Amino acid sequence: MPELAKQYNPQEVEDKIYHWWESSGFFHASLNPDKTPHTIVIPPPNITGILHMGHILNNTLQDVFTRWKRMQGFEACWIPGTDHAGIATQNVVEKALRKEGTSLRELGREKFIERVWEWRTQYGGTINTQLRKLGVSCDWERERFTMDEGLSNAVKEVFVQLYDKGLIYKGKYIVNWCPREQTALSDDEVNAVESVGHLWHIKYPIENSSEFIVVATTRPETMLGDTAVAVNPKDERYKDLVGKHCIVPIANRVIPIVADDFVDPSFGTGAVKVTPAHDPNDYQTGIRLNLPQIIVMDTSAKMNSNVPARYQGLDRYECRRELLRDLEKQHFLVKTEDHTHNVGHCYRCDTVIEPYLSDQWFVKMKPLADPALKAVKDGKIKFYPERFTKTYEHWMTNIRDWCISRQLWWGHRIPAYYLPDGSVIVARNLQEAAERLKAKGSHYTAEDLRQDDDVLDTWFSSWLWPFSVHNWPEESDDLKYFYPTDVLVTAPDIIFFWVARMVMAGIEFKGEVPFRHVYFTSLIRDASGRKMSKSLGNSPDPLDVIATYGADALRFTVLFIAPVGQDVLYDNDKCEIGRNFANKIWNAGRFLMMHRDQLPIDNGQLPLTSGKSSDDLSDKWILSRFASTVKDVTLAMDNFRVNDAVKLLYDFLWKDFCDWYVEFVKNRLQETSDVHLKRSIVTRALRIYEETLKLLHPFMPYVTEEIFRHLADRAADETIMRTMMPQVKETEDQIDPVAETQMEFLQNVITAVRQIRSEMNIPMSKAIDFVASCNEFEKQTILEQNRNALQKLLRLDQMTFGIALPKPGYAASSVVNGQEIFIPLKGLIDTGVERDRLQKEIDRLEGQLRGVMAKLNNENFVGKAAPEIIEKERNKQQNFEQTIQKLKANLEQLIG
């Protein structure tokens, strides 16, 4: 076996290992009737995307779940892929064309789409190449793209099915329009930004009267499209005006004064202008009251021919300035107030959204939402953290129809075909459209059909992802085996964008939920709590971090500092946690393998349960701690408490195994010349070490694989990821509470003596005497049985153990689990220093005792706290009082 390097160098290991993993097909999942499948589909990143810290946490979690289940014996399948990202990708390619001095219009649709595909071939796989650096075990043989032929077929199938069921329709509707992108956006694609603007109060003359009604508006330019003024029917101020008419200033159009319950009497003047073509609430009012709809802007947000000539062609904000100037000149502007309100911005280009009346395609969501809401309420899908269930329920109970058409060229073209008379045929392709046309007995032919120019919202393909990746609507063997998926790992900000819609689609088209568990990731912020962004310069490049610390260090660190449901405060220095942990594990392995190589050892010679045949307390203890760790980590993973799992492993490996057990092993190897005993000690330690590496592998795959390859002579295709994870049922009978309690006492004694050495500045080069005055025979026995270990680990000279022994003079003391220990100090220290130390310890414990007593004397605490909590506090009180009493007695006896 090759020797393990002196230091772990991830840069020398990671790329080499990943290439071996991928080329060996270790990530690939097969249809295996002897195994239960475990499936995850990746949230497909945009093909325009590059790796950022949010991807690191999200994909590390998915990889952990996949590797864990693979090693538990499941047929684990993690399907990767990318999203075509309609608006974002078209923007990128358009920018490239502008640099070339041309545009998409000059190219034409067909040539432009060819250019986008060329761009996708050249750059679209960047993020997946970067993900490989993280060590993800995706089944790359199953990689999909939302514009693949199979996924495109699924999109068409769903559109046709929903249209045939009456759940897709086309109609005029107020949509969120982006004047820059020239496309409609769904509500979810609009970012509401709090803005400080103005509220303008404008006089509308009452027809045939010298009176006015004053309205308040934040968007005066849209008044040129007003078709009514509305007041609340209960507002006594305007009761006599309802039914009369007023005149729109500047436009000089006569409009009615109407009553409608949606008007808030406390907003502004209590009278509002109604512009059905440019406001979603006004649109609903217009529908209720049958008001005209006057569009006053074009799709670029410039004023059109429906406004007075002097404003035509002006940008909406230029028009606002000119119109306000004219209103003021003509004495219609009463006053201007500062006003803070939310303004919608395009989620891609940040342009202010224009509510706009246009012809769009919509999905009726209520019939789809009801069963999806019920599935979550019935527990068929569980959310982690659970609180996001409320967010989901809020979205689903307040759902609006989904605008699915986008005025783009890149994307899934809407499968609707128009005839010269304006009628529409919805079909999967032109041939089917011709067949449907013929079935209607129409005199038109296929040559008369013209496909809709618009494409579908990107999310219309993404909501089918869990089953479209398996080429649905074809009922493939893969689909039957791997669907539904098991876990979805995603960000909470797309709970409605994506999660809710996938639930709807899964139930509608497959008759069952698409996943059983949804794990919402934490938001990664910088060390100051700010959201990471390029503009703030606080978003580190993960590839740079990996180059500096290694992928395992980054993976482990983000998991270690990311409790489920809480924001993560990250800076690169925290990766020292993961790097130091990797080095700690590496050094322990080097120590054990160095001793292995000095002995003729078969690493599989002793079973893991060999601790049962060992009389050594440290063996019994480490096997018990290992078994407890297997049980606790497995339970944490079963409940998606990944942060708890990594901390359990960290504590076991760093503290229990490396800091304590390896030290005991080192001591035992030094004190025996029996080669058979040495072989037993080292083999047992290596077996526990190897099994623990398996537990750690899903979290730190590279370092565990590299060490695993050195622990024994491995076959060329033997990898740790294809071994079996330690099982609770195979280890739980090794849990030994007695051994753990005894070892805890021994550790506490060792820690107490080391602390005395440190506080008294007694160097390890000086041997010391040790006296233990026990009040329990069991504790004395533990010390007697581990006399050699204590002597070596603490560099003791004379050791005295007994029941109720007198305290030696000139001695430092401590109380350990109720037992008194003494270190005679004559000739070692200044007794005055020891007095000060004891007094400080007494003061500290008395402070803690006062805190406990304050709780127990608080009627409110005692009345509300659980009985076990109260009992815990009383036990603390008793322990503090006993310890303080003994320390005071020691202080009184310390003379000199």
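Buried means under 20% relative accessible area, exposed means over 50%, and partly exposed lies in between, with a 1.4 Å probe and protein chains only. The model is predicted: local features need pLDDT of at least 70, side-chain atom pairs count only at pLDDT 80 or more, and totals for chains, interfaces and linings use all residues. Residues are numbered from 1 along each chain as its sequence is written, and side-chain values use heavy atoms, with hydrogens and water left out.

**Exercise 1. The chain as a whole**

Task: describe the burial, dimensions and contacts of the protein chain.

Solution. 
Step 1. Of the 896 residues in the protein chain, 55% are buried.
Step 2. The radius of gyration, taken over C-alpha atoms, is set against the globule rule of 2.2 Å times the number of residues to the power 0.38. For 896 residues a compact globule would come near 29 Å, but the protein chain has 37 Å.
Step 3. Taken along the principal axes, the box filled by the C-alpha atoms is roughly 115 × 65 × 50 Å.
Step 4. Contact means heavy atoms within 4.5 Å. Among contacts with a separation of 6 or more, 77% join residues 24 or more positions apart.
Step 5. Helices (H or I, at least four residues) and strands (E, at least two) are DSSP runs, numbered from the N terminus. The protein chain has 30 helices and 29 strands.

**Exercise 2. Charges**

Task: state how far apart the mean positions of the positive and negative charges are.

Solution. 
Step 1. Lys and Arg count as positive, Asp and Glu as negative, while His and the chain ends are not counted.
Step 2. Each charge is placed at NZ of Lys, CZ of Arg, CG of Asp or CD of Glu.
Step 3. With 110 positive and 126 negative charges, the mean positions are 2 Å apart.

**Exercise 3. Ser-137**

Task: locate Ser-137 and list the polar contacts of its side chain with the side chains of Asp-63 and Arg-70.

Solution. 
Step 1. Ser-137 sits in the loop between α6 (126–134) and β4 (144–145).
Step 2. Ser-137 counts as buried because its relative accessible area is 0%.
Step 3. A polar contact is a pair of N or O atoms within 3.5 Å; within protein, one must be able to donate a hydrogen and the other to accept it, and residues adjacent in sequence count only if both atoms are side-chain atoms. The side chain of Ser-137 makes such a contact with the side chain of Asp-63 at 2.7 Å and with that of Arg-70 at 3.3 Å.
Step 4. Leaving aside neighbours within four places in sequence, the contacts of Ser-137 also include Phe-27, Thr-66, Arg-67 and Trp-78.

**Exercise 4. Glu-75**

Task: which backbone nitrogen lies 2.7 Å from a polar atom of the Glu-75 side chain?

Solution. 
Step 1. Glu-75 belongs to strand β2 (residues 75–79).
Step 2. Glu-75 has 5% relative accessibility and therefore counts as buried.
Step 3. The nitrogen belongs to Ser-30.
Step 4. Beyond four places in sequence, Glu-75 is in contact with residues including His-28, Asn-32, Lys-35, Tyr-481 and Phe-482.

**Exercise 5. Backbone geometry**

Solution. 
Step 1. Most residues other than glycine have a negative phi, and most peptide bonds are trans.

**Exercise 6. Asp-567**

Task: which side chain is joined to that of Asp-567 by a polar contact of 2.8 Å?

Solution. 
Step 1. Asp-567 is in the loop between α18 (551–560) and β25 (568–570).
Step 2. Asp-567 has a relative accessible area of 40%, so it is partly exposed.
Step 3. The partner in the polar contact is Arg-525.
Step 4. Ser-522 and Leu-523 are also among the contacts of Asp-567 outside four places in sequence.
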